[in-house]
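Here are my notes on the model you sent over. Have it open while you read, and go through the points in order.

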Amino acid sequence: MKVLSNEEIRAFCEKYAAPLGIAVKEVEFKKGKNPSLTVFIDKEGGVSLDDCEALHNAIYDPIDELDPTFGEPYTLNVSSLGADRPFKTENDFLSHIDKMVEVRLKNAVKGKKYLEGVLIKYDGKEIVVKTDEKTTLSLDLKTVQKVSEYIDFN
């Protein structure tokens with residue numbers, strides 16, 4: 001199945017999202033038996049179900065005119081990024097500098113494969129995480145399995 005690039009689809013959707021105060025962060029197309037196009041959004045103060053519905057309604061007809069799948073059927077979804085979404089882009093990392101993050105490592109460092117701490121630095125090759133007052137770790141991104149926003153369940 002031929003599909004427009006994620007960047008082309010994201011840019012198209014952004015035109016409809018911006019007036020709603022919504023940012024399109026990512027677009028994902030899944031091929032297979034039930035193809036689907038998911039537009040992931042974010043908004044200052046958080047994304048509500050109403051925000052997802054508003055953007056879905058705003059792009060539903062126009063995206064058919066764009067025809068991202070060249071006439072092939074697909075399901076359109078609009079979703080929040082999700083609190084536990086792994087960081088994928090430079091902006092994901094940079095927007096979390098000086099904030100708490102969770103880090104899963106491929107191999108244990110100092111006996112641990114899971115860390116929580118404040119993201120101090122990101123440069124595209126490594127991250128620096130301060131895990132407590134005395135410990136700051138520099139981690140090569142090749143050794144990192146996943147970095148995501150810290151979620152406090154208390």
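**Notes on the fold and a few side chains**

1. Let's start in the sheet: Leu-37 has Leu-76, in S3, as its bridge partner. That bridge belongs to the pairing of strand S2 (residues 36–42) with S3, which is parallel and runs over 6 bridges. Two strands count as paired if DSSP finds at least two bridges between them; the strands (E, at least two residues) and helices (H or I, at least four) are DSSP runs numbered from the N terminus.

2. Before going further, a word on the source: this is a predicted model, where local features need pLDDT of at least 70 and side-chain atom pairs count only at pLDDT 80 or more, while totals for chains, interfaces and linings use all residues. Residues are numbered from 1 along each chain as its sequence is written, and side-chain values use heavy atoms, with hydrogens and water left out.

3. Now the whole sheet. It is open, with 3 strands in the order S1-S2-S3 and mixed pairing. Strand S1 (23–30) and strand S3 (75–80) are the edges; each has a single partner strand, so one side of each has no neighbour in the sheet. From one strand to the next, the twist averages 20° (axes are lines fitted to C-alpha atoms, for helices over the stretch in contact, and angles run from 0 to 180 degrees between N-to-C directions).

4. Two helices go with the sheet. Helix H1 (residues 6–17) packs on it and touches S1 and S2, with its direction at about 140° to that of S1. Helix H2 (residues 49–66) lies across S1, S2 and S3, at about 150° to S3. Contact here means heavy atoms within 4.5 Å.

5. Have a look at Glu-26, in strand S1. Is Glu-26 buried or exposed? Its relative accessible area is 14%, so Glu-26 counts as buried (under 20%; exposed is over 50%, partly exposed in between, with a 1.4 Å probe and protein chains only). Its side chain makes polar contacts with those of Arg-85, at 2.6 Å, and Lys-88, at 2.9 Å. A polar contact is a pair of N or O atoms within 3.5 Å; within protein, one must be able to donate a hydrogen and the other to accept it, and residues adjacent in sequence count only if both atoms are side-chain atoms.
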